[in-house]
Amino acid sequence: MCGRYAITLPPETYRDFFGYSEQPNFPPRYNVAPTQPVPIVLEDRGERHFMLVRWGFLPSRVKDPKDFPLVINARGETLQTKPTFKAALKRRRCIFLADAFYEWRRDGREKTPFMIRPRSRRPMPLAGLWETYTSPDGAEIDTAAIVTTDANGTLSAVHDRMPVILSDQDIAAWLDVRDERADVMGLVRPCPDDWLDLMPVSSRVNKVENDDPGLMEPLTRPEPAPVPERKPKAKKPLSSDEDEQGSLF
């Protein structure tokens with residue numbers, strides 16, 4: 001699962017890396033969370049574009065968003081079979097702008113946060129799917145989810161899932177949706193172990209309101225999050241990975 005990530009490189013770094021025509025100016029974000037507006041890259045008729053979307057995928061068939069789970073991740077294994085994702089896989093693939101993400105290791109009731117980032121310290125192209133949802137009253141909202149796969153060797157010490165991180169060579173194939181018959185499922189795979197660094201970080205990342213450079217400072221040893229007081233369980237939205245990490249959001 002991928003439930004929090006960071007966008008901290010300068011806007012021009014992302015623009016040069018992905019080659020979109022827009023010139024957006026946005027501040028660094030150290031703790032991006034579900035339902036927030038997030039930047040993606042998509043391609044239309046061979047031209048790449050920058051777009052802001054809500055992180056939380058809504059397929060067009062949904063009648064009432066309140067009755068639909070918050071889909072922040074799309075399991076790679078079900079992209080071709082799950083009605084939620086089938087159309088977007090063919091026609092609306094995208095890439096999330098990111099340069100790090102967070103994951104939590106479970107030890108009993110404790111959850112210890114780690115940051116994962118490229119050793120190159122370059123942008124980390126996260127494969128995604130997007131969709132424009134139109135409500136019954138005609139209002140439109142652009143939404144997206146991050147595609148996930150099995151963890152590689154580096155991530156397996158913390159979690160059994162990870163986002164699909166594309167290589168420079170695979171970016172073009174993932175974004176090119178002109179041929180709906182193109183098979184891109186070969187790109188949905190764990191990235192090589194040596195692409196990533198994994199390091200423990202402060203449990204402050206658990207709180208959405210914390211959004212500062214200190215969240216990305218590595219610790220010398222893991223810091224388990226405080227165990228919250230038990231409260232009656234309320235119905236909560238889940239990602240499509242059905243992961244209880246959602247309780248951190």
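Modeller: Helices (H or I, at least four residues) and strands (E, at least two) are DSSP runs, numbered from the N terminus. The model is predicted, with local features needing pLDDT of at least 70 and side-chain atom pairs counting only at pLDDT 80 or more, while totals for chains, interfaces and linings use all residues. Residues are numbered from 1 along each chain as its sequence is written, and side-chain values use heavy atoms, leaving out hydrogens and water.

I take Leu 215, which is found in the segment that follows strand 12 (196–200). Leu 215 counts as buried because its relative accessibility is 0%; the term means under 20% relative accessible area, with a 1.4 Å probe and protein chains only. Leaving aside residues up to four places away in sequence, Leu 215 is in contact (heavy atoms within 4.5 Å) with Tyr 30, Asn 31, Tyr 102, Val 201, Arg 204, Val 205 and Asn 210. Between Leu 215 and Ser 203 there are 8.3 Å in space, C-alpha to C-alpha, for a separation of 12 residues in sequence.

For context, helix 1 (residues 11–18) also has buried residues, namely Pro 11, Tyr 14, Phe 17 and Phe 18. These line one face of the helix, because they fall within an arc of 130 degrees when seen down its axis, the arc being that of the directions from the axis to the C-beta atoms. Among the elements covering them are strand 1 (4–7), strand 3 (37–44), strand 4 (47–55), strand 6 (93–96) and helix 3 (171–175).

Methods:
Buried means under 20% relative accessible area, exposed over 50%, partly exposed in between (1.4 Å probe, protein chains only).
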